[in-house]
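Me: Please take this model term by term. I want each label set against its cut-off.

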Amino acid sequence: MSIRDSDFMCEALDLAQQARKKGEVPVGAVVVKDNAIIGRGYNRPITTADPTAHAEIIALRDAAHYLSNYRLLKCTLYVTLEPCVMCAGAIFHARIARLVYGSKDPKTGACGSVINLPAEKQLNHHTQVIGGILEGESCSLLKQFFTEKRKTN
C-alpha cells in the first residue's frame, strides 16, 4: 500500500458517507489518472431506481465523460467494497489498469470472495487487484449502516 492509495481510499470513504446519508448502502468510488481524481461515485440504486447505479459504475461514467473516452487506460479505481460481477465487468470493459478496494464482500464479491473474475485467464483484459486498503474503516461503515437499518425495521 502506498500513501497515495490510502489518500484516494479516504476520498472514496467520504463518498460512501454521502451514500449513507441518503439511505443507500455506503459504498464510494473514485477513478484516478496521473495522481488526480477524474471520476467520483457513490451508491444510488435506491434513490435513482436504477439497479446499475453502483458507486463503481457512476465513477467510471464520470471518468469516461471527463476523458471523452470509454477506455480508461492507465487509471486506478478505488472502491470501498469489493466489486460485484456487474461492476467487475464494467471495470474490464473500461480497461482499468488497477483496482484497489477496501472491504471484502462475502456475499457478492467478484474479485476473490465469491468468485475471482480478474484471475480468469480467458478474459481479454487483466486488472491488477489490491484488496484490504483501509479495510477496517470500510467494514466499520458498512456494519454501522446495517446495524442502524436493522434497528429501524
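**Labels and their cut-offs**

Me: What makes strand β3 (residues 76-81) count as largely enclosed by the rest of the structure?
Reply: Six of the six residues of β3 are buried, so the rest of the structure largely encloses the strand. Buried means under 20% relative accessible area, exposed over 50%, and partly exposed in between (1.4 Å probe, protein chains only). Strands (E, at least two residues) and helices (H or I, at least four) are DSSP runs, numbered from the N terminus.

Me: What is the model, and how are residues and side chains treated?
Reply: The model is predicted: local features need pLDDT of at least 70, side-chain atom pairs count only at pLDDT 80 or more, and totals for chains, interfaces and linings use all residues. Residues are numbered from 1 along each chain as its sequence is written, and side-chain values use heavy atoms, leaving out hydrogens and water.

Me: Why is T80 called buried?
Reply: Its relative accessibility is 2%. The limit is under 20%, so T80 counts as buried. T80 lies in β3. Leaving aside neighbours within four places in sequence, T80 is in contact with residues including M9, L13, V27, G102 and S138. Contact means heavy atoms within 4.5 Å.

Me: Which strands pair with β3, and in what sense?
Reply: Strand β1 (residues 28-33) joins β3 through four bridges, and the two run antiparallel. Strand β4 (residues 98-103) pairs with β3 in the parallel sense over five bridges. Two strands pair if DSSP finds at least two bridges between them. Another links L81 to S103 in β4.

Me: What makes up the right-handed β-α-β unit?
Reply: β3, helix α4 (residues 85-94) and β4 make it. A crossover is right-handed if, with the strands pointing away from the viewer, the path from the first strand over the helix to the second runs clockwise.

Me: How do you know that the span of helix α5 (residues 135-152) agrees with expectation?
Reply: The expected span is 1.5 Å times one less than the number of residues. For the 18 residues of α5 that should be 26 Å, and the end C-alpha atoms are 26 Å apart, so the values agree.

Me: Which residues of α5 are buried, and why are they placed on the same side?
Reply: S138, L141, L142 and F145 are buried in α5. They cover an arc of only 90° around the axis, so they sit on the same side of α5. The arc is that of the directions from the helix axis to the C-beta atoms. What covers these buried residues includes α1 (3-21), β3 and β4. The face turned away from the buried side carries the exposed residues K143, R150 and K151.

Me: How many aromatic pairs are there, and what is the rule?
Reply: The count is two. Rings of Phe, Tyr and Trp (its six-membered ring) pair if their centres lie within 6.5 Å; planes under 30 degrees apart count as stacked, over 60 as edge-to-face and the rest as tilted.

Me: Why is the F8 and Y78 pair called tilted?
Reply: The ring centres are 5.3 Å apart and the planes stand at 40°, so the pair is tilted. F8 lies in α1 and Y78 in β3, so the pair ties together parts that are 70 residues apart in sequence. Both F8 and Y78 are buried.

Me: What makes F145 and F146 edge-to-face?
Reply: Their angle is 80° between the planes, at 5.1 Å centre to centre. F145 is buried at 5% relative accessible area, whereas F146 is partly exposed at 34%.
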